Amino acid sequence: MKLWKRAAAAIKDRKSLLAVGFSRRNSSYRNADLEAAIIKATSHDDSSVDYSNAHRVYKWIRSSPLNLKTLVFAISSRVNHTRSWIVALKSLMLLHGVLCCKVPSVVGEIRRLPFDLSDFSDGHSCLSKTWGFNIFVRTYFAFLHHYSSFLSDQINRLRCNNRRSLEKFDSVIQELERIQKLQSLLDMILQIRPIADNMKKTLILEAMDCLVIESINIYGRICGAIMKILPLAGKTEAATVLKIVHKATSQGEDLLIYFEFCKSFGVSNARETPQFVRIPEEEVEAIEKMINSVQEKPKLEKEKEVEDEKAIVVLEQPKKLQTIITDKWEIFEDDYCCFDRRDDKYHQNHLPHIVTNQPVYITYTMPDLITF
């Protein structure tokens, strides 16, 4: 049965190559040699990876950005017409390599992947045998989809920065956003792993080799960016910086666990666990002190507002209004409570204070103005 499947897969690859040869005579804008290399690099053979043709693809991409159009057309056509997890995974690995070529004119134009494998499902075997491969392809696609968009945005941002100079505040904010995106990408890459018992295959091991190297690369960029931004962060960005630092520490622990898993699975690039960069504790403590100083100020202001509310003074007035008759004038007892604003003291009839932060209601006995 396996021999029959391999023979059928080889026939499909042969037909695709014949179609490319036919297009050579009917199209002047397509690069037939590049298309043939793409088909060979994404063959149905799960026992090996054709690195020689993969490197031919990278060479064509480096030689001229115009070949990007052929690459997008050929690989999109290849993926959209396949139901094989092998072809899908090889296509992802090939595009991953293109992104690693570091050709700005190419990476800046790719942005998002030209195909969608978010709901991929292999159609050549029963689901009980392929569910693990399906999830592997989907998670790899999700990472690469966001990674290509991130790289494109970074290249376009650098182009804009070359035309104008950014202020320090703007550059710090942008750098913090970039670090957070890198941390999200690392979270996604740590989810890509074989989870079924039948997945210990050569192609899966080769894909994991690429992902292990990429995870080290991304985490190294995160730590390097954090160490660069720590001395520049001010009080406004301190809370965000501390959150990023704590997440980076947690991700370092997750990455060690990921390496242990890959090592036990047999991934060659995970045989030796790398020594990760540690963020200086002195810098973290300085950020924490900065945050505490920012948080204490509103607290002190709030306490002052509470004290101000408590300082409200309400004076009780006599319960009855009485009139004193003299031979000169009529004087109400209210007149004896005169407040001198110059020295903030009561001159006569000092009545007790009522200090509270709650509303105070004082009831007076009103005189009967109707009954005599």
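Where in the chain is confidence lowest, and where is it highest? This is a predicted model, in which local features need pLDDT of at least 70 and side-chain atom pairs count only at pLDDT 80 or more, while totals for chains, interfaces and linings use all residues. Residues are numbered from 1 along each chain as its sequence is written, and side-chain values use heavy atoms, with hydrogens and water left out.

To the question, then. Confidence is lowest in strand β6 (residues 353-355), with a mean of 34, and highest in helix α5 (residues 85-99), at 95. Here pLDDT is the predictor's confidence in each residue, from 0 to 100; helices (H or I, at least four residues) and strands (E, at least two) are DSSP runs, numbered from the N terminus. The chain average is 78, and 73% of the residues score at least 70.

Over residues 312-321 pLDDT stays under 50, and the model has 24 contacts there beyond four places in sequence, a contact being heavy atoms within 4.5 Å. Residues 323-372 are also below 50, with 50 contacts beyond near neighbours in sequence. Where pLDDT is low, the predicted coordinates should not be read in detail.

I turn to Gln183, in helix α8 (residues 168-189). Gln183 counts as buried because its relative accessibility is 2%; buried means under 20% relative accessible area, exposed over 50%, and partly exposed in between (1.4 Å probe, protein chains only). Beyond four places in sequence, Gln183 contacts Ile222, Ile244, Lys247, Ala248 and Gln251.

Finally, the cysteines. The structure holds zero disulfides, a disulfide being a pair of cysteine sulfur atoms within 2.5 Å. The closest cysteine sulfur to that of Cys210 is in Cys100, at 8.0 Å, which is too far for a bond. Cys210 is partly exposed at 29% relative accessibility, whereas Cys223 is buried at 2%.
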